[in-house]
Amino acid sequence: MNYAEEIRRLAKEKDALILVHNYEPAEIQDVADICGDSLELARKAKEADAKTLVICGVYFMAETAKILSPEKTVLIPRPDAGCALADQLTPEMVREAKAAHPGAPFVVYVNSSAATKAECDITCTSANAADVVRSLKEDTVLFGPDANLAAWVRKNVPEKTVITVPEDGGCPVHHKVTVEEVEAARKEFPNATVICHPECSPAVQEASDMIGSTGYMIRNCGEEKEWIIVTECGILHPLKKHYPETIFHGIEAVCDHMKLITLKDLYETLNEGKNEVIVEKEIADSARKAIERMIEASA
Ligand code: SF4
């Protein structure tokens, strides 16, 4: 069976929109209606007219789509695709931090569960974290679960006090990249510009020429002839598609959860309408306020 053709046929027949994250395997990105970073996928999920949304990414992304479009059916081909970063911040940790810092709003990275978001004041993505923190009137903000993204926000919004919860949270895929790896890549490709994701450590951020989300990379990495891309390797596919004349070098960074979905999984999910994402109404209603507040703050 030609899965790619069958997936496109089924998507049309079932009025389904396929939304795919930039870190997914190339063949999944190639059957998408929309590819993007977390913020772009959240926006498109909210605006979409389709009856069904199929989210090819990790579970919190599918929850976000369901929260923003409660009337739609949201499916995820691999419900076991989790996120090691999202697991590091629980609703209890948010409640405890808020009790310890009364009046400080909690800014939660979208890489978190629906139940955790429901306890927070506003969400952010790596594309808009600094803008979101800047938009708040309070001088002190709580921020989690990514301490590296928090460090980047602190640098860009020095007028605020940013308290990280937990103190040392981080994405294992990005956090394990070292300055030595970046320097070795620079030595090998001396004419390339280095751009890293803000989930990388502050030392790697310091060793890079530019810092940005995957959406930022896709919008901006056509301007130079050669790049070293310091983020999950899936991003190389859309970059090469957007800028066929440009040379891109990656580093060794693979998120296993982003590589779980196969064309067969996607086909079966669409065909059988299985793996529906359900978010409890009370949690969805609270989490929606935090996500919509972010969308307004970064409009
Ligand atoms: S790359 Fe990191 S933050 Fe993104 S889904 Fe994988 S574990 Fe989570």
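Biologist: How many bridges pair E5 and E7 in the parallel sense?

Modeller: This is a predicted model, in which local features need pLDDT of at least 70, side-chain atom pairs count only at pLDDT 80 or more, and totals for chains, interfaces and linings use all residues. Residues are numbered from 1 along each chain as its sequence is written. Helices (H or I, at least four residues) and strands (E, at least two) are DSSP runs numbered from the N terminus, and two strands pair if DSSP finds at least two bridges between them. Phe106 stands opposite Leu142 in E7, and the number of bridges between E5 and E7 is three.

Biologist: Nice start! Which residue in E6 is the bridge partner of Tyr109?

Modeller: E5 has parallel bridges to strand E6 (residues 122-124) too, three of them. There, Tyr109 has as its bridge partner Cys124.

Biologist: Which residues on the two sides of strand E5 are buried?

Modeller: Buried here means 20 or more other C-beta atoms within 10 Å of a residue's own, exposed 12 or fewer, and partly exposed in between, with C-beta atoms placed from the backbone. Strand E5 (residues 106-109) is covered on both faces. The buried residues are Phe106 and Val108 on one side, and on the other Val107 and Tyr109.

Biologist: Why does Gly144 count as buried?

Modeller: Gly144 sits in strand E7 (residues 140-144). Beyond its neighbours within four places in sequence, Gly144 is in contact (C-beta atoms, placed from the backbone, within 7 Å) with residues including Val108, Tyr109 and Pro166. Gly144 counts as buried because inside 10 Å its C-beta neighbours number 27.

Biologist: What is omega for the cis peptide bond that joins Val165 and Pro166?

Modeller: Most peptide bonds are trans. Gly144 and Pro145 are joined by a cis bond with omega about 0 degrees. Pro166 is in the loop between strand E8 (161-164) and helix H9 (172-175), and for the cis bond from Val165 to Pro166 omega is about -5 degrees.

Biologist: Is Asp15 buried or exposed?

Modeller: Asp15 lies in the loop between helix H1 (3-13) and E1. Its phi is positive, near 50 degrees, although Asp15 is not glycine. With 12 other C-beta atoms within 10 Å, Asp15 is exposed.

Biologist: What distance separates the centres of domain 2 and domain 3?

Modeller: The chain is divided into domain 1 (3-81 + 258-279), domain 2 (86-170 + 283-297) and domain 3 (177-252), with bounds from an automatic or database domain assignment. Taken over C-alpha atoms, the centres of domain 2 and domain 3 are separated by 26 Å.

Note on methods:
Two residues are in contact if their C-beta atoms, placed from the backbone, lie within 7 Å.
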